[in-house]
There are 4 protein chains.
Amino acid sequence: MRAVVYKGPYKVAVEQVANPKIQHPNDAIVHITRSAICGSDLHMYEGRTAAPPGLIFGHENMGIIEEVGPGVTTLRKGDRVVMPFNVACGFCKNCERGFTAFCLTVNPGFAGGAYGYVAMGPYPGGQAELLRVPFADFNALKLPQGTEHEDDFALLADVFPTGYHGTELAQLLAGESIAIFGAGPVGAMAAYSAIIRGASSVYVVDRIPERLQKIKDIGGIPIDFSKGDPVEQIKQMRGGDGVDKGIDAVGYQAVQPGQKDQEVPSIVLEALIQLVNATGIIAVPGLYVPADPGAADPHAKQGKLLISFGKLFEKGLRLGTGQCDVKRYNRYLRDLIIAGKAKPSFIVSHHTPLDDAPIAYEKFDKRVEGYTKVILKP
Amino acid sequence: MRAVVYKGPYKVAVEQVANPKIQHPNDAIVHITRSAICGSDLHMYEGRTAAPPGLIFGHENMGIIEEVGPGVTTLRKGDRVVMPFNVACGFCKNCERGFTAFCLTVNPGFAGGAYGYVAMGPYPGGQAELLRVPFADFNALKLPQGTEHEDDFALLADVFPTGYHGTELAQLLAGESIAIFGAGPVGAMAAYSAIIRGASSVYVVDRIPERLQKIKDIGGIPIDFSKGDPVEQIKQMRGGDGVDKGIDAVGYQAVQPGQKDQEVPSIVLEALIQLVNATGIIAVPGLYVPADPGAADPHAKQGKLLISFGKLFEKGLRLGTGQCDVKRYNRYLRDLIIAGKAKPSFIVSHHTPLDDAPIAYEKFDKRVEGYTKVILKP
Amino acid sequence: MRAVVYKGPYKVAVEQVANPKIQHPNDAIVHITRSAICGSDLHMYEGRTAAPPGLIFGHENMGIIEEVGPGVTTLRKGDRVVMPFNVACGFCKNCERGFTAFCLTVNPGFAGGAYGYVAMGPYPGGQAELLRVPFADFNALKLPQGTEHEDDFALLADVFPTGYHGTELAQLLAGESIAIFGAGPVGAMAAYSAIIRGASSVYVVDRIPERLQKIKDIGGIPIDFSKGDPVEQIKQMRGGDGVDKGIDAVGYQAVQPGQKDQEVPSIVLEALIQLVNATGIIAVPGLYVPADPGAADPHAKQGKLLISFGKLFEKGLRLGTGQCDVKRYNRYLRDLIIAGKAKPSFIVSHHTPLDDAPIAYEKFDKRVEGYTKVILKP
Amino acid sequence: MRAVVYKGPYKVAVEQVANPKIQHPNDAIVHITRSAICGSDLHMYEGRTAAPPGLIFGHENMGIIEEVGPGVTTLRKGDRVVMPFNVACGFCKNCERGFTAFCLTVNPGFAGGAYGYVAMGPYPGGQAELLRVPFADFNALKLPQGTEHEDDFALLADVFPTGYHGTELAQLLAGESIAIFGAGPVGAMAAYSAIIRGASSVYVVDRIPERLQKIKDIGGIPIDFSKGDPVEQIKQMRGGDGVDKGIDAVGYQAVQPGQKDQEVPSIVLEALIQLVNATGIIAVPGLYVPADPGAADPHAKQGKLLISFGKLFEKGLRLGTGQCDVKRYNRYLRDLIIAGKAKPSFIVSHHTPLDDAPIAYEKFDKRVEGYTKVILKP
C-alpha cells in the first residue's frame, strides 16, 4: 500500500510499504477513507521530536472495515468506522475508568498509546491506504453506512473531542463565561463545544483574522491579541469582571504577542491565571511536553515553566490537563453530527489526495494559503 | 395596595389590602412589575388544596426594590430584581448545600417555603403591587437596570429554572437523547434547556398542536400522543432504541391518552420506565403531592402510585424529584438571557393588568383562547 | 468435572458434566477455588424463577487461571483471580461508561449478563471445578499470588461490591448518617462500606439477633424491627431527625414486621421515604423483579409496587437502583483487603466441599444452623 | 477585654482593648472559650507579611454566644458555637455555590475574608475574650451544649476542615492510595481525613520523629524524607508503582531535604508530579502566596514557581488549590466527633491561658518543647 512516511526534518514522502496484517485476534484492518493532518504531526515533521525516519504518520483516521480478527465481536467487513487517536486496551485500570488516553497496556512503560506518533507505541499511522486497529471492538466507533458527514466524522478522531475535552476539564456549565486562548483547530473546537454546551459568553483569543472570523461566525466573541492585552480587553468588555473558566488551546509553543514571535511557553497560562475568577478552572488541552530540546529557554528545554502559583492558589483555581480520552466523547459528538446539531467540519481548509501529502505538510507547516486543517483522502 | 386574593374555589378577586412592611432587618419591599400565574396556582384556584380564602397568590415575581431593612447589604432602592419562588434563609443545612427549595428555617416543621402558596409559610404572594422579600440579599437576584428582557427575566422566578432543573436532575450531557412528557410551560422550558445544553435529540410528548408547534420551532421533536403510544413512536424513530434520559413535566394530573381524560397519575412515569434505556435517569420536576383528596383513585388520594419498580430496578434506572432550587440556576440563566443566547419568553401567551386577574385565571384554568402562560402587570 | 446442577424446585445435585472449553480467543478457563452461594441463588432454588433444570449455579467465583485463549493479553496460567458476577464485554456503550452490569453485548436483547443465572445469558456458573470466563482480560481481577485473604477476596465477586454499590448509589459522604434496611450479607456489606467511607451513624434494621450483633461489632447501630417501628426507633435516637441517606438491602421479598411474615414488597421503600430527610437519596441494591409469579399480591406478580410518590417528591428525594457494576469497585476493595483495612469475611458462616452443596443449599434456604453465607470449595 | 495584639516582628502582647460591639443586625458577639494559634499566624508574627501593628490575631475560634443582633435568626445567648476561619456573607455568587473561602462581599476588592489576618478584611481576631461574628447565622456552627469535645470542636474552625479539604480537592475515593507531604497540623489532619474516608494506603512525608509517630498511630505510613528521596521510598514500597492521589500540606516554605534547610518552594509539587500516577490529582491545601518579599529566590518573591508542567500534562494530572471553604465540611466533621468516630485533638500539643500567648508564640515559632498546636483559653 501507499503511506506517508517520515524521512527526516521537514521531509515526508509517499511510499510503497507492506500492507498491515492481523497480528492479534482482536485486530481489524481498516481501509482508510479520511486521515487528517494534526498540528502535532508538525512537531515531528519539524524534527523537534525523536521521531525516527520510516515512521508512518496519521492518528486522525476513519474508514471502512476490511478484515477482522477472530476475536472481534461487533465489527464486520464493510462497517464504516472512526478511530480515536488513542490506542487503548479497554481493560486496564485506566481504561476501565474511562482514561483511555492513559492506557497501561498498549505501550508498556508509559501511560498511553497512539497511531503514527513518536513514543506512543508500535502503531503505524493511518495516512495510508490501510490501518491496523488493535482491540478493534474498543477502538473503532461505528458510523452510519454511506458517505454523509465524512468530514465531520473524520474530526471525531481527535480535534472535535479534544476541543470538547477542554470544556469538560473546565467543568463548563450552561450560562458560564469562558475564555479560550488559541483559535486553531483545537481552540475553534473548544469554542464550538462551549457554545454547544450553552456557555453564555465564549471569548476566543488569537490574532489571525480568518480564525477570528470563524469564531464570530459560530457565535463566539473574537479577541485579537495583536491589538492589546487580551486579559484587559476581555475584562473591559465585562465591566471589570473576569471569566468563570478558561482553556489553554495553545500549548508550549505560545508566543509573546506584539513581538517577533518569541516563544514564551507560560504566557497563556499566566494570562489565564489573571483572567479566570477565583474558584474557577483552567483547562489545558493544548500540548505541553516534558522535554523540548529545541526550546530557547533552558527551563523550557526540560519542560519546566515559571508559573504564578501563589496567585493561582490565592484564587483557589483548579487545573485540568492532558491528552483527550476520545472515547469519553466521540459517541455523543457523533450523535450530535447525525442529528444535525454539530458540523465541526467548518474548520477543514483543504482536502488532498494521499500522494500530495508532502506538499500539504509543507504548506500547512508554513501556514500559507490558509492551510489550517488538511484532510488526506487515500 | 391592590392584590389578587383567593376567595374560594374558582374565585379570585383583586382587592385593596394593607401594604407589606419591613418586619425583619433583612427584609426588602419590592414594587412588582411582573408576576406570572403558574399552573400550580390553578391547583389552589380549583379548590383542590387546603388554601384558605384571603391568601394572596403569586410566586413568580419581579420588580424594583422600594425599601430595604437595615440588615440588607447588597440591595438598594431602585435595583431591578427577580425573586425565586422559593423563600429560603441561606444558612440552614439544606440552603448551605444549595437545596434552597428545602429550607429548614422559613417554614418551621417543613422543608421549603414559597410566596403565596398554601402550606409554604406565611409569605403573601406577589400578584400585587408590593411584595415583602425575606432574607432579601439571598432571595433577590439583581438584573441589569432598565426594562429590557422583562418577560424573559420574569420567567427566572420559576418556570425557566424549573425546566432547567429537569435537565439537571437528569444529569443531561451534550449529545444525549432525552424524552420529555408534557409541553406546557415546564415541559417547554425543559426542552429549551435540553437544547441549550446540547442534547442531540429532544422528544417532547403532548397533544395540543400549538404546544407541539412551539417545540418544533425551538428545535425539538414533537410527539403527539393522541396519534399513538408515544413510547412506540419514539422507539420507532430511533430504530428500536430508547432514550438516554427522561423528564416527567406533567405530574400527578396526567391523563390516559385517547380516553376522555381520565386521570391516571402514574401513566407518565410508567411510560418513562419503558422508554428510558438501562442505566438512564428519570427526572421529575412535574408536581406530585402527598395527598390529593380530589383524586378519583383511592391510592392517588393518599399520594400513592403503582409503579413498575421491578422493571425500573432491572434497568438500573435512577430517579430525581422535587421542587426546583431556583438559586442554583437563575444567575446562569439570567446571563444567557443577557448574552442573547436564551429567550424563554416564547412561552408567554398573554399579558394582563392586575385588575383583570380574575378573567385571566378563569381563561387559563379552562385553557381557552390559547391561555398557557399569563403575566400580570401590576 | 463436577458441578452443582439445578434439578428442579428445592433440588440441586452435584454431577459430572463436560469440562468447559475455550470458545473464543478472549476466553479463559479458571480452576475454581472458592464459589459462594448467593441469596439470589435461592430464588432459583425455590423454583420462583424460570431457571431450567440443568443449569449450573454459581456467580461468586474465584480461582486460578488454567488456560487462556490466544486473544488474552494480561492473564496467564497460574494467575489468581476473582470474577465479578457480571459477564461484560468492556466495549459497548454501557461498559465503556462503567455500567458493566448492563452490558449490551453478552446477552443479546437484554442489558446485562451473569454466570449461572436464569435469563442472564449462556454462561454456566462456577459452583464447579472449572469455569469459562469470557472477555477474560476484562472480567477477571488479578489477586496477589498465594492463598492469603481467600475468603475476603471471594466476596469481591458480588456481595462486598454490591454492599458498597449501595453506599455509592446513595452518594454517601463522610460524616453523613445512613439507615440500612436488612442485615443479611448485602446489608452487612453496605453497613461495612458505609463505615469504611466514614459515615457518622450507620443504623441497620433487622430482627435476627446474630445479624444485629455483627452490625454492632463492626461499629454500626443495630435496630431490631421486631421491637417497634424502625423509623420511629431511629428518629427517637436522633432527637426527632431523620437520616441523610438510606439503603434498601432487602428487596422484593420484604415482610411485614410483627406479623406472620406476610410479604409486603413496598414496606422497606415506604419506611425509607418516611425516614430519609428531604434532599436525601435512597439507594436500592436489594433485588426487585419485573415479574414475580409466586407473589401473593396481584400487582407484585407484575413487579409493581404502590409507592408514596407524592411524599417522595415533596421531600425532593432521589433514588438509585440496580445490580452492581462490580468492576467499578472491586479493584479498590481488593486494595483495602490487601492493606488490611477491610476484612469482609466476617459474614462467612460456613465452608463446604462442593459435593456437600445440596445440604448447604437446603440449610441456607431454611436459614438453619446460622447459615447466612456459604462458600463452596471445589 | 484582653486580646493578643501584634506589636511588630516576633512580638505580640496581651493588652486591654475595647470590647467588640454589634455593628450590624446580623452580628453576634461570642465569648471565646478556645482560640488556637495557626501556623499561618506565624507568617505574620515573623514579620513576613504586611500585617500592621495593632492587629488582634486569631482565626480558629470557638465559644459561647454572648449577644446577637436583631437580624440573627437561629442563634441565642448561651449557644455553644465554632466559627470557620472564613468570614463570609452566604449570598454572593461564590458563597451560594459553597465557595465561602472566596466571599465577594466581606472584603471588597478581594475574594475571601477571615478573622485576625492581614489583608483579609476588617475583622479582629479571636485570641481575645470576645469576638464579633458577622453574618452570624451563616458563620457560626452550633455545637451540643456542655463542654465535651472542646478541643476536637475547636479544630473545626480551620485545621480539621483544611486537612479534609485536601482529600476533597484530591477527590479521594475509598480504596485509593494517597501521599501527603507534611505531617504538621494540616498534613496530619489530611492523613486523618484520608483514613476516615477509607483510603487504602496513606503515606505521609516528614522528618520530625514525633510527627511521624503520630501518623503511624492513626494508621498512616510514615516516610522520613531525611532518610532518602521520599518519592523513591514510596515507589519502592509499592513495587514501583506511584500513588493515585497526592496532597501538598507544606506550601511555599518547603525546604530542600538533607541540606541546611534552604527554601525550595517548588520541591513538594515537583515530588508529587513525579509520584502521582497518570490520571491522578494533586491537592494543594498548603499555603502559597502571590508575593513573598522575604524569599531568597527572586521568582519566589513574586510568588512564581518553576514547575515541570510538561510532565504534569503528559500524565494528565489535575490540580486543586486554595483556602478551605470550612462550611462545606464543618457540619459533617462535627457529627463525626459527636458520634465518636473522629478525635482530631490528638494533634493538640499545648493549652495556654490567654495571658501566656507571647511565650506560646515564641516557642511555637521556634518549634521547641514539642510545640506543634497550641490552644489559647481566654
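Colleague: What makes Thr321(B) part of a strand in chain B?

Modeller: Thr321(B) belongs to strand β16 of chain B, residues 318-321. Strands are DSSP runs of E with at least two residues, helices are runs of H or I with at least four, and both are numbered from the N terminus. Please keep in mind that this is a predicted model, where local features need pLDDT of at least 70 and side-chain atom pairs count only at pLDDT 80 or more, while totals for chains, interfaces and linings use all residues. Residues are numbered from 1 along each chain as its sequence is written, chains are lettered from A and ligands numbered from 1 in the order in which they are written, and side-chain values use heavy atoms, with hydrogens and water left out.

Colleague: Why is Thr321(B) called buried?

Modeller: Its relative accessible area is 3%. Buried means under 20%, exposed over 50% and partly exposed in between, with a 1.4 Å probe and protein chains only. Thr321(B) at 3% is therefore buried.

Colleague: Which residues does Thr321(B) touch?

Modeller: Contact means heavy atoms within 4.5 Å. Leaving out residues up to four places away in sequence, Thr321(B) touches Leu169(B) and Val284(B), and from chain C Phe309(C), Leu312(C), Phe313(C), Gly316(C), Leu317(C) and Arg318(C).

Colleague: What makes the approach of the Thr321(B) side chain to the backbone oxygen of Leu317(C) a polar contact?

Modeller: A polar contact is a pair of N or O atoms within 3.5 Å; within protein, one must be able to donate a hydrogen and the other to accept it, and residues adjacent in sequence count only if both atoms are side-chain atoms. The backbone oxygen of Leu317(C) is 2.7 Å from a polar side-chain atom of Thr321(B). The Thr321(B) side chain also reaches the backbone oxygen of Leu312(C), at 3.4 Å.

Colleague: Turning to helix α12, why does Arg334(D) count as buried?

Modeller: Arg334(D) lies in helix α12 of chain D, residues 330-338. Its relative accessibility is 13%, so Arg334(D) counts as buried. Its side chain makes a polar contact with the side chain of Asp335(D), at 3.1 Å. Beyond its neighbours within four places in sequence, Arg334(D) is in contact with Leu141(D), Lys142(D), Leu143(D), Phe153(D) and Leu156(D).

Colleague: Why is Asn330(C) called buried?

Modeller: Asn330(C) has a relative accessible area of 2%, so it is buried. Asn330(C) is found in helix α12 of chain C, residues 330-338. Not counting residues up to four places away in sequence, it touches Pro84(C), Leu141(C) and Leu156(C).

Colleague: How do you know that the span of α6(A) agrees with its number of residues?

Modeller: The expected span of a helix is 1.5 Å times one less than its number of residues. For the twelve residues of α6(A), 185-196, that gives 16 Å, and the end C-alpha atoms are 16 Å apart, which agrees.

Colleague: And what makes α6(A) largely enclosed?

Modeller: Nine of its twelve residues are buried, so the rest of the structure largely encloses α6(A). Among them are Gly187(A), Met189(A), Tyr192(A) and Ile196(A). Just after the helix, Gly198(A) takes a positive phi of about 90 degrees.

Colleague: How do you know that the radius of gyration of chain A agrees with a compact globule?

Modeller: The radius is taken over C-alpha atoms, and the globule rule is 2.2 Å times the number of residues to the power 0.38. With 378 residues the rule gives a value near 21 Å, and chain A has 20 Å, which agrees. Of those 378 residues, 63% count as buried. Chain A has 13 helices and 18 strands.
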